[in-house]
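Biologist: Please take a close look at the aromatic side chains here and at what surrounds them. I would enjoy one connected account, with the cut-offs spelled out as you go.

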Amino acid sequence: MKKFLIILGAGLLLAGCGNTESNTGQEQPVEDAEATEEATAAETEETVEADSTYLTAEEFIERVENEGTYGSYSANLLLWVSAQEARFMETIFTDKEEYGAHKVDIVVVQDGVVAVGFDGEEIVGTWTFDSIDELKEAVAIQEEE
């Protein structure tokens, strides 16, 4: 998992370094500011439409089940996220026996959220939920007061 986070961090760092615009501290003319606002609005619309390119839960689970180990799954998850076929949200800890794992990856797909349980070396199961909050409520370790 550390390798996954390191690779993800390096990718984000490189993506941030790819900015070709220089910030000179000068104000943009009104026409440029309006064009920037329109481009931002278009990008937002593209982001909303990108969700329709995500894999369905069934397709994602099929791909996960074809992976033999957690290592190959996590490497392919990077590819699926890069291709905008899914969105990795986070890894949470669980101690609930029904999930058979100590950790669960939360992955957003076209028609919901998939929890991928793993024990460090093997994937122990996948479960679908309607929302991230529902998944966290069902899977996450309850904090004791």
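Modeller: A residue is called buried when its relative accessible area is under 20%, exposed when it is over 50%, and partly exposed in between, using a 1.4 Å probe and the protein chains only. Please keep in mind that this is a predicted model, where local features need pLDDT of at least 70 and side-chain atom pairs count only at pLDDT 80 or more, while totals for chains, interfaces and linings use all residues. Numbering starts from 1 along each chain as its sequence is written, and side-chain values rest on heavy atoms, with hydrogens and water left out.

First, some orientation. The protein chain has five helices and four strands, in the order α-α-α-α-β-β-β-β-α along the sequence. These elements are DSSP runs numbered from the N terminus: helices are H or I with at least four residues, strands are E with at least two. Of the 145 residues in the chain, 28% are buried.

Now to the rings. A pair of aromatic rings is described by the distance of the centres and the angle of the planes. Rings of Phe, Tyr and Trp (for Trp, its six-membered ring) pair if their centres lie within 6.5 Å; planes under 30 degrees apart count as stacked, over 60 as edge-to-face, and the rest as tilted. A search of the whole structure turns up three such pairs. In one of them, F60 and W80 have ring centres 5.5 Å apart and planes at 75°, so this pair is edge-to-face. It connects distant parts of the chain, with F60 in helix 3 and W80 in helix 4, 20 residues apart. F60 and W80 are both buried.

Y70 and Y73 form another pair, this one tilted, with 5.4 Å from centre to centre and 50° between the planes. Being three residues apart in helix 4, these two tyrosines are separated by about one helical turn. Y70 counts as buried at 4% relative accessibility, and Y73 is buried too, at 0%. Ring pairs also bring in F118, linking it with Y70 and Y73 into a cluster.

Two of these aromatic residues turn up again in the packing. A nonpolar core is a set of buried Ala, Val, Leu, Ile, Met, Phe, Trp, Tyr and Cys residues joined through side-chain atoms within 4.5 Å. The largest one has 16 residues, and F60, Y73, L77, V107 and V114 touch the most other members. Helix 3, helix 4, strand 2 (103–109) and strand 3 (112–118) each supply at least two residues of it. There is also a second, separate core of ten residues, with Y99, V113, L135 and A140 among them.

The strands deserve a look as well, since F118 leads us there. Strands pair if DSSP finds at least two bridges between them. Strand 2 and strand 3 run antiparallel and are joined by seven bridges; in strand 3, F118 is the bridge partner of K103. A hairpin with two residues connects strand 2 to strand 3. Strand 2 also pairs with strand 1, antiparallel over six bridges, and V104 in strand 2 is the bridge partner of I92. Six of the seven residues of strand 2 are buried, so this strand is largely enclosed by the rest of the structure.

Taking a salt bridge as a side-chain nitrogen of Lys or Arg within 4 Å of a carboxyl oxygen of Asp or Glu, the whole structure has two. In one, the closest N and O atoms of R63 and E85 are 2.6 Å apart. R63 lies in helix 3 (residues 57–66) and E85 in the loop between helix 4 (70–82) and strand 1 (87–93), so this pair ties together parts 22 residues apart in sequence. R63 is partly exposed, at a relative accessible area of 28%. In the other, K136 meets E90 with the closest N and O atoms 2.7 Å apart. That bridge spans 46 residues, from E90 in strand 1 to K136 in helix 5 (residues 132–139). K136 is partly exposed at 31%, as is E90 at 30%.
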